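Please consider the structure shown below with the sequence beside it. The paragraphs that follow lead through it step by step.

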Amino acid sequence: MALNKPTGSTNNISFGPAIVSMCDWVDVSSVGATNREQFLVDVGYIGEDGVNVELTSEKKNIVQGNPQLIEYSFVTTQSVNISFTSIEWDFDRFVWALGAGSTTTANTGTGTMTTLSFFFGGNPLNTECQIMLQHKMASSGNTLLLKAWKCQSESGFAIPFTATEEHSFEFNFIVLGSDYDWYGSALGAEESLIKFERLSTTP
Amino acid sequence: MATSNIETLLQLVRQHLIGSSAILDLVDGRCHTSHFFDFDNETVVMPLIIIDINGGSANYASASQMVSLHVYGYSRKSQAEALKIYQAAYEHLNASELSVTGLSLTGTAVETERPLTGYNDQIRAYFARGSYRVFTAG
């Protein structure tokens with residue numbers, strides 16, 4: 001027996017990237033209970049660094065005495081950030097990534113030429129979207145789902161016209177607090193940002 | 001008890017590869033986990049695939065490991081055939097789920113370098129060699 005070797009389950013170990021799906025956010029409390037999951041679409045190919053989900057929980061410590069000892073600690077901020085690098089020229093994804101802009105499709109000129117357009121600039125609103133990540137665990141075969149109920153673009157992104165690498169676009173999102181899940185059910189006090197699910201089979 | 005076994009990893013990759021009918025059609029099960037000492041030996045039938053370990057790492061608890069591999073496609077006939085064999089291996093191995101009944105390890109593999117090609121005088125065969133990272137747990 002190896003020295004100080006922990007006991008664990010290799011079924012809980014996994015490797016590799018995740019699939020990112022997104023759609024527009026809709027207030028299910030106003031449109032009625034509906035399964036918003038059906039509107040999610042795969043955002044397509046992403047970069048080799050995969051997807052990064054950053055959960056933060058900032059604490060404020062109450063200290064007393066001399067020397068000062070921590071008497072109590074409470075949470076001041078909880079947040080979730082989701083970031084990934086898209087490698088697809090897809091204008092609809094640009095709109096989600098910026099929280100702004102619009103796209104059009106038109107048949108222009110002669111023949112069957114189609115023009116896709118992306119417009120950006122002038123609207124102060126940061127529109128909302130929904131994000132779901134899906135990852136099949138390498139060892140157990142279980143499927144991990146991350147459902148970020150309501151998200152917004154956190155920043156813009158650069159469009160690099162580089163000579164030696166594929167074009168890539170870094171997308172960053174922040175998760176907002178939500179009162180409802182995608183199915184119209186009210187969320188509890190500790191459920192407002194995200195939900196991780198681990199499924200024993202692939203959905 | 002979890003053990004990062006390197007031989008099992010090689011068998012996992014090997015059996016995963018020969019589980020593909022496209023690969024079987026090309027190399028007829030000749031997927032080996034090391035190079036031969038004497039490639040001049042007339043009994044060595046080509047084309048074939050060779051999986052060669054190129055280092056890696058395992059965690060302290062032996063619960064998971066990452067192993068770098070070279071995957072070779074060999075052909076005495078032509079460079080094109082060596083590439084064809086490599087391509088068949090790539091299509092079946094890259095980003096795949098590695099799980100074979102009876103083997104304790106499961107995992108995944110990803111190509112990290114596209115194939116290098118050439119002619120090996122000692123072996124007297126064309127080759128296409130790509131690099132992979134294989135991650136396993138179990």
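In which loop of chain A does A:Asp181 lie? A:Asp181 is placed in the loop between β9 (169-175) and β10 (194-199) of chain A; helices (H or I, at least four residues) and strands (E, at least two) are DSSP runs, numbered from the N terminus. The model is a predicted one, in which local features need pLDDT of at least 70 and side-chain atom pairs count only at pLDDT 80 or more, while totals for chains, interfaces and linings use all residues. Residues are numbered from 1 along each chain as its sequence is written, and chains are lettered from A and ligands numbered from 1 in the order in which they are written.

A:Asp181 counts as partly exposed because 19 C-beta neighbours lie inside 10 Å. The terms are these: a residue is buried if 20 or more other C-beta atoms lie within 10 Å of its own, exposed if 12 or fewer, and partly exposed in between, with C-beta atoms placed from the backbone. Leaving aside residues up to four places away in sequence, A:Asp181 touches A:Trp149 and A:Leu187; two residues are in contact if their C-beta atoms, placed from the backbone, lie within 7 Å. A:Asp181 and A:Leu193 are 12 residues apart in sequence, and their C-alpha atoms are 9.5 Å apart in space.

Chain A as a whole contains 2 helices and 10 strands. From the N terminus on, these elements follow the order β-α-β-β-β-α-β-β-β-β-β-β. The radius of gyration of chain A is 21 Å, whereas a compact globule of 203 residues would have one near 17 Å; the radius is taken over C-alpha atoms, and the globule rule is 2.2 Å times the number of residues to the power 0.38. Along the principal axes, the C-alpha atoms of chain A fill a box of roughly 80 × 45 × 40 Å. Of the 203 residues of chain A, 20% count as buried. Among the contacts in chain A with a separation of 6 or more, 60% are between residues 24 or more positions apart.

Attention now turns to chain B and its helices. Helix α1 (residues 6-18) of chain B has 13 residues, which at 1.5 Å a residue should span 18 Å; its end C-alpha atoms are 19 Å apart, which agrees. The expected span is 1.5 Å times one less than the number of residues. The buried residues in α1(B) are B:Leu9, B:Leu12, B:Val13, B:His16 and B:Leu17. Seen down the axis of α1(B), these buried residues fall within an arc of 125 degrees, so they line one face of the helix; the arc is that of the directions from the helix axis to the C-beta atoms. An α-helix has 3.6 residues a turn, so residues three or four places apart point the same way.

Helix α3 (residues 79-93) of chain B can be read in like manner. Its 15 residues should span 21 Å, and the end C-alpha atoms are 21 Å apart, which agrees. In α3(B), buried residues include B:Ala82, B:Ile85 and B:Leu93. The face of α3(B) turned away from its buried side carries the exposed residues B:Ala80 and B:Glu91.

The strands of chain B come next. An open sheet of 6 strands has the order β1-β2-β3-β6-β5-β4 in chain B, with mixed pairing; two strands pair if DSSP finds at least two bridges between them. At the edges stand β1 (31-32) and β4 (96-99) of chain B, each with a single partner strand, so one side of each is left without a neighbour in the sheet. Strand β3 (residues 64-75) of chain B pairs with β6(B) in the antiparallel sense over 12 bridges. In β6(B), B:Gly130 is the bridge partner of B:Val71.

Finally, the two chains meet. In this interface, 11 residues of chain B are in contact with 9 residues of chain A. On the side of chain B that touches chain A, the elements that give two or more residues are β5 (106-120) and β6 (125-137) of chain B. The largest share of that side, 3 residues, comes from β5(B).
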